[in-house]
Amino acid sequence: MIDSLRANVAGDTESVSGQAKYAIPKSWTNEKVAALAYLVCRGHTGREIARVLGETVNTVKRVRLAMGLPDMSGPDWIHAQIKLDNGRRAALNRQASALGITPAEFIRRILICVLEDRLYENVVDGRFK
């Protein structure tokens, strides 16, 4: 997938159906691309990512767009690490997969329902005191 998104640095963008198409510079290694994806998903800003990778903010933004990654550094995103044992993680993956969604989307939907309908006590049913 990454190779299909690569382009010459001189021709980073081209028009496709009237929309700008962004590409990953050929000079970027797979490790650098992976580091960018990791940092984006951890909620780092473009400026922070650019500093870590030794790139410009604009280049980081173009590569992020080429990969289809959202800007997850804004106030609309909450980053949480959820510790689950292997059995619960497998159950989460199975149930999300059965619905055709990611585990993160599965958790997001449940959280929204619990918060909007004030269902916390009903869901935990006294398990956590």
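**View 1. Threonine 59 and its contacts in the predicted model.** Setting aside neighbours within four places in sequence, threonine 59 is in contact with Pro25 and Trp28. Threonine 59 sits in helix H3. Its relative accessible area is 11%, so threonine 59 counts as buried, the cut-off being under 20%. The side chain of threonine 59 also makes a polar contact with the side chain of threonine 56, at 2.8 Å.

**View 2. The largest nonpolar core.** This core has 16 residues. Ile24, Trp28, Leu36, Ile49 and Met67 touch the most other members. Three helices each supply at least two residues of the core: H1 (30-41), H2 (46-53) and H3 (57-66). H1 gives the most, with 5 residues. In soluble globular proteins, nonpolar side chains tend to be buried together.

View 3. Which residues of H2 are buried? They are Ile49, Ala50 and Leu53. An α-helix has 3.6 residues a turn, so residues three or four places apart point the same way.

**View 4. What surrounds and follows H2.** What covers the buried residues of H2? The cover includes H1 and H3. Glycine 54 follows H2. The phi of glycine 54 is positive, near 70°.

Key:
Residues numbered from 1 in each chain as written. Predicted model: local features only at pLDDT ≥ 70, side-chain atom pairs only at ≥ 80, totals over all residues. Heavy atoms only, no water. Core = buried A, V, L, I, M, F, W, Y, C linked by side-chain atoms within 4.5 Å. Buried < 20%, exposed > 50% of the residue type's maximum accessible area, 1.4 Å probe, protein only. Helix = DSSP H or I, 4+ residues; strand = E, 2+ residues; numbered from the N terminus. Polar contact = N/O pair within 3.5 Å; in protein donor to acceptor, adjacent residues only side chain to side chain. Contact = heavy atoms within 4.5 Å.
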